[in-house]
Amino acid sequence: MATRAPRASGARSERCRCPGCVAGLTPFTVPHFRVYCAELVLDSLKLMVLEPFQALVASDLFAGIPEIWEVIPEGNGKTTFWAAMGLYHCEHRSAAFVPIAASSRDQAETYYRQAEAFVENTPRLKKLFDAQAGYRRIR
């Protein structure tokens, strides 16, 4: 599964309409990502809330730490977090490409389905991205 940015080339659009940019927050910071996540509609139809451990992972990622080990028990939102992060990256980096690697095909499928649910359930993202289930790709 791969996720591509909705814009063709060049730098991030200065007309980004995500809630964080509208609020004047700097992209690729935890406050900006927290506001971005608060707009995302989960498959349960509830809004995503960025958990403290997820904010720590995001902080390390935004700081440029090249390798992050996320040792957290199953069922605690890791896949949901990374699906949100993949879409966030695509929205804020022009010509972004997010390949997905997982320990199993089922896990990669779960990641895709979570990202697809965000796109299908979040009105602004539904206008921005196209979830192509047959290809397991979001453009």
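## The largest pocket

In this predicted model, the largest pocket holds about 840 Å³ of space, a pocket being an open set of points on a 1 Å grid, where a 1.4 Å probe fits, with protein on both sides within 12 Å along at least five of seven lines. Lining residues, which have an atom within 4 Å of a point, number 27 here, and the closest to the centre of the pocket are Glu70, Lys78, Trp82, Ala101 and Tyr111.

Helices α3, α4 and α5 (105–121) and strand β2 (97–99) each supply at least two residues of this lining, and the largest share, seven residues, comes from α4. Helices (H or I, at least four residues) and strands (E, at least two) are DSSP runs numbered from the N terminus.

## The two sides of helix α3

Helix α3 spans residues 52–62, and Gln54, Ala55, Val57 and Ala58 in this helix are buried, that is, under 20% relative accessible area with a 1.4 Å probe and protein chains only. These residues lie on the same side of α3 because they cover an arc of only 160° around the axis, taken from the directions from the helix axis to the C-beta atoms.

On the other side of α3, Pro52 and Leu56 are exposed, meaning over 50% relative accessible area. The cover over the buried residues of α3 includes α2 (30–39) and α4 (78–92), and after α3 comes Gly64, whose phi is positive, near 90°.

## Basis of the values

Residues are numbered from 1 along each chain as its sequence is written. Local features need pLDDT of at least 70 and side-chain atom pairs count only at pLDDT 80 or more, whereas totals for chains, interfaces and linings use all residues, and side-chain values use heavy atoms, with hydrogens and water left out.

Notes: Contact means heavy atoms within 4.5 Å. Grid points are joined across faces, edges and corners, and a volume is the space filled by probe spheres set on the points.
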